[in-house]
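This report describes selected features of the structure shown below.

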Amino acid sequence: MVFFSKNRVFGLLLMVVTFFDVYTGLAGLFSIIVVNVLAWLFGLNKKNILAGFYGFNALLVGLGMGIAFHPTPAFYFILTFISLATLLFTLVFEGITSKYGLPFLTLPFLATIWFAILASRSYTALVPGESGVFLLNDLYARGGYMLVEWYQWFGNLAWPLAIKVYFRSLGAIFFQYHLLAGMVIALGLLIYSRIAFLLSVAGFAFTWLFYSAIGANMHELDYLYIGFNHILAAIAVGGFFVVASYWSLIWVVLLTPVISLFISGSILMLAPLQLPVYSLPFNLVVLLFLYALKFRERRLHSPETVVNQHYSPEKNLYLSQNEKIRFPNQQYLDIQLPFFGIWKVNQGHGGVYTHKEQWQHAWDFVIRDEADKEYDDSGSKRTDYYCFGKPVIAPAAGWIETVVDGIEDNEPGKYNTLNNWGNTVIIRHNSWLYSKLSHLKKDSITVSTGMYIQKGKVVGSCGNSGFAAYPHLHFQVQSTPYIGSPTLKYPIAHYLVHNQAPVLKTNAYPGLNEQVANIPTDASLLAAFNFETGHSLAYSTDSLSLGEGKWVVENDLWMNRYIVDTKTKARAYFVADDQLFRFTRFEGGRQCLLWYFYLAAFRVPLGFYNGLQVNDSFPPDVFPKGPLLLLQDFIAPFFIFLKPDFRLQYTVIHQDLSGNHIGLHSAFKPGKGKQTMLFNIEVFNRILSFSIQEGGRLITANFEE
Amino acid sequence: MEKKPYERPHITRLETSMPGKFGMRSERPPTTHIDGITVDSLVKTYGSPLFVLSENTIRTTYRKALNAFTTRYPKVQFAWSYKTNYLAAVCNVFHQEGAWAEVVSGFEYQKAIENGVDPKNIIFNGPVKTKEELETATRNGSLIHIDHLDELYLLIEVAENSEQKPKVAIRVNMDTGIYPMWDRFGFNYEDGQAWDALNKIMHSGKMELVGLHTHIGTFILSAGAYGVAAAKLAELARLLKQKFNHAIKYIDMGGGFASKNTLKGSYLPGSDTNPSISEFAEAISTALINSHFQPGELPLLILEPGRALIDEAGYILTTVLANKRLASGRRATIIDTGVNLLFTSFWYQHPVTVAQEFSQYREDTTLYGPLCMNIDCIRENINLPLLQLGDKLVIHYTGAYNLTQWMQFIHMRPAVVMIDARGNVHEVRQKENHHHVGSLEKLPEHLQI
């Protein structure tokens, strides 16, 4: 948590570091235990307790106190209450900062330890420790002459000062001011995240350069080791709270002098009280920066703030990038096309006739035949037009806001400029989203103001009333409820384009001359991919390594749903509605069937369309672990060269009224010389079987409900 | 300049008055080509008479009809009515377009299987199904539409001895406000037979009730009747949902949609007055959408149009064999197509056009077929140019029923060709010869001479 990590290996290494000084480590551990027990007795959220949400500030407090005092019973007695104070401060800071959508970082630690240090000066039962002062004595006491020798060997290494200071600064975070601690932490950091390591080095290097160039007080770095503030801030701003990129790196550089300003300033400010500044500058600069980011109008871009925190700069980067590729224009409320069958976009967004300026984000739909004609016979009568009189349906559920009816339909070629929108229905989907259907046929509207309408229910028929020379359906989304309101750029959630072979579009805008249709959902696919929470699925494979097991569908506090493999505890997060099933991320070990299923069913449209091909992109970290992925991690903020690919094709086995038998053939192409994996999922109201072909190896899995 | 063809002398009354309320007499232009192929070359290659089918017309008619429904209703499936025309070539054009098969006998069922239709996509209709046929259909998972209680009991018996549950629907007949009301097929809606049969099916527990079927009649000239029928089936579905919490998978509205043919006794031509497929689609889908079904729960809508999909794609090419004058002074023309090939001429006034250019002069005539039977009359009264021996005529809208109801009576049945979308002509049924006809006959020994 101090390093923004939930990585276990890293955590273990950090624990080892804190125990370099056994009593300091014990004090840290003691504080954590006390705080977590208190938190539990207090009735705080268990998941937060287990995630170390309340513990990490206490750890720092414990370490800070442990290094300053001898481990007498009195010390532990006092430490208990200091820990309580830490917990209270933690809750207060959580309450305050969360209102602004900000983290509380190590503010509780700072507040508590300052009070504790000041107060302990008057507690005579406490014996000040000397480990910070007479280090060699302590070392000799614990490890004999060997340890002292070893320590001095480290100290005498002819490394450049900057590198030594870097390691010492890392160690200083855990009150361990020596090289070895720093090196272990650096190693842990590298294991946890290549980007974080890179940022720590870069952040420190900029600081060193800045201090040298400006002639600042070098002692802040090479004596007080206060440079860790720069390192932590670099990780926070460069890749943790902000998605790592050129931009985040530029901000790391720009904030370096600011941190140094805070360091020098706060040292002097706290000097009268003889208090160390600890991580105050880091806290200040990160909170200031994150808060300031919220005022941007150009949200989410350069640098982009992390919305879903995955506790790893790599994941934050890869998943946010992947999300941008996979789900651009994702909205909260899905809008479908307001008609049955295939219609053609006659005028799209920014059209040449009337979709201009404030009203540019609208569509006109007509029906064309194979010869691309809009009408049968001569086209001189309204009824000659294919679209005339066809049902118009609600694009999403909502309340009928306005109904205009009774305006005559025009003869082809004529138009009505007096009531230019013609017969119109406006539906309120929520307080900021309305859809408008215009030029409807006179007396065809079957809904009335105020009534609730379900998605897909008929509201009226396509007509030719208003400013419409030829029958067509005008459809627009708007954020205000009036006839004539400006349009809102809002995507259609899922649809098929039929100009050639059907192409699936998600959250896109139908373009001019596209033949579009809603996706007819397939009941068999829908039932098979209906992973409700609590649902469990037993599998058996013919592979020794994958074996047998069970999947269970669960959801977390934020209602993110995932499939968990009960044996390995691996999780595959997914999002599903009645049109599309897609996995969003995978967590845990890859030696399980779930991993392959995650790759195989990365994106599955739930409407069957023979021959439909679906493409998608995986985040780079699904690439097999190895030097290439390691290299990718290092350069990820600047360039992504691993682009694993997903492809899916449907074949029908046969149509059946009790459910279609459908075969899903998908492929995972890691690229860069790695072998493509082929998958085959057979579906008949549930997932019948799943096979994996990797190189010459074929694995088949069968499922039971 | 080309030499003008000889036309026999004739006398026409000079009309100088104003045109009648229907304006000038309508004339059909000659049909010299079908889908780009000359009538002359077709007759020269395949003989006369000749059945010609246009694949292009079949496909466009099919797509247009399907679009009329899919732009009004979310889930639509057509099933090709085999009895209308079960030539393998015709069936497979429809199957390629995505149609299922609707059969009414074991023979047609067999044909559908041979055409490569998935048995699960065969609808087995009709008043008679043998036990063996029911067993086969059950085993194959075909959709069995029950016509009467005896069939229901027989099917329960079949189901008891079968591993699979038969997938069934019942055929429902009802008053939709039109005459005649067909009540000989299926169970009646108004007197509760249908609801009773549905209860028997549900309580038997031996069958999977998947749908409801009706077929209100044939060549229906009122689209509104289909709206009434759809609403009544939807009501049955609602009752099933309410009483048994059972959702049916489909509603089959049958067929019976009028083609462009003109019924005998009609005052105006059928192409102008008969409801279009759009009107039928509008009536059916509006009734279903406005019924109790929620948008996501709308059942599959199955339709079994026959005539409306194929009538206009069929032509008969025929040759003038003789001209004669009747005792009444009326003109008569004998052609080589009779009611043996054009069964539908009993109720339609099929449009007949000439296949070559003529002058503007016309004469009322009667078209007789080649049979030595008094009933063999194709058109009692038709206005045609001055026909010569050997002239070719084209009879239109003959695709439905004639290729299944034609008879080998007096004459052999001619060849059938299909012109594909690229203009290639394929012979899809050979001309019969006397070997074909005689091959099944057996002559008892004592009768041999």
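In this predicted model, Asp443(A) lies in the loop that connects strand 6 (433–440) and strand 7 (452–453) of chain A. Its phi is near 60 degrees, a positive value in a residue other than glycine. Asp443(A) is partly exposed, with 15 other C-beta atoms within 10 Å. Asn507(A) belongs to strand 11 (residues 503–508) of chain A, and it is partly exposed, with 18 other C-beta atoms within 10 Å. Most residues other than glycine have a negative phi, and most peptide bonds are trans.

Chain B contains cis peptide bonds. One runs from Ser48(B) to Pro49(B), with omega near -5 degrees; Pro49(B) sits in the loop between helix 1 (39–46) and strand 3 (50–54) of chain B. Another joins Tyr179(B) and Pro180(B), where omega is about -5 degrees. Pro180(B) occupies the loop between strand 8 (167–173) and strand 9 (187–188) of chain B.

| Helix pair in chain A | Angle | Axis separation |
|---|---|---|
| Helix 10 (residues 194–214) and helix 13 (residues 246–270) | about 50 degrees | 9 Å |
| Helix 4 (residues 55–68) and helix 6 (residues 107–120) | about 30 degrees | 9 Å |

The angle of about 50 degrees between helix 10 and helix 13 of chain A makes helix 10 of chain A oblique to helix 13 of chain A. Helix 10 of chain A passes helix 13 of chain A in a right-handed crossing. Residues of helix 10 of chain A in this contact include Leu199(A), Phe206(A) and Phe210(A), and those of helix 13 of chain A include Leu249(A), Val253(A) and Pro257(A). By class, the residues of the contact between helix 10 and helix 13 of chain A are 9 nonpolar, 4 polar and no charged.

Helix 4 and helix 6 of chain A are roughly parallel to each other, because their angle of about 30 degrees falls under 35 degrees. Helix 4 of chain A also passes helix 6 of chain A in a right-handed crossing. From helix 4 of chain A, Asn57(A), Leu60(A), Val61(A), Gly64(A) and Met65(A) meet Pro108(A), Phe109(A), Thr112(A), Ile113(A) and Ala116(A) of helix 6 of chain A. This contact of helix 4 with helix 6 of chain A has 7 nonpolar, 3 polar and no charged residues.

The contact between the chains takes 21 residues from chain B and 17 residues from chain A. On the side of chain B that touches chain A, helix 2 (55–70) and helix 10 (277–289) of chain B each give two or more residues. Helix 2 of chain B gives the most, with 3 residues. That side of chain B divides into 7 nonpolar, 6 polar and 8 charged residues.

Chain B as a whole has 13 helices and 20 strands. One of the residues in strand 10 (residues 208–214) of chain B is Leu212(B), which is buried, with 27 other C-beta atoms within 10 Å. Leu212(B) and Val172(B) are 40 residues apart in sequence and 7.4 Å apart in space, C-alpha to C-alpha. Beyond its neighbours within four places in sequence, Leu212(B) is in contact with residues including Ile170(B), Val172(B), Leu233(B) and Ile248(B).

Notes. Residues numbered from 1 in each chain as written. Chains lettered and ligands numbered in written order. Predicted model: local features only at pLDDT ≥ 70, side-chain atom pairs only at ≥ 80, totals over all residues. Helix = DSSP H or I, 4+ residues; strand = E, 2+ residues; numbered from the N terminus. Axes fitted to C-alpha atoms, helices over the stretch in contact; angles between N-to-C directions. Parallel < 35°, antiparallel > 145°, perpendicular 65-115°, else oblique. Left-handed = near helix turned anticlockwise from the far one by under 90°. Contact = placed C-beta atoms within 7 Å. Nonpolar A, V, L, I, M, F, W, Y, C, P; charged D, E, K, R; others polar. Buried ≥ 20, exposed ≤ 12 C-beta atoms within 10 Å, placed from the backbone.
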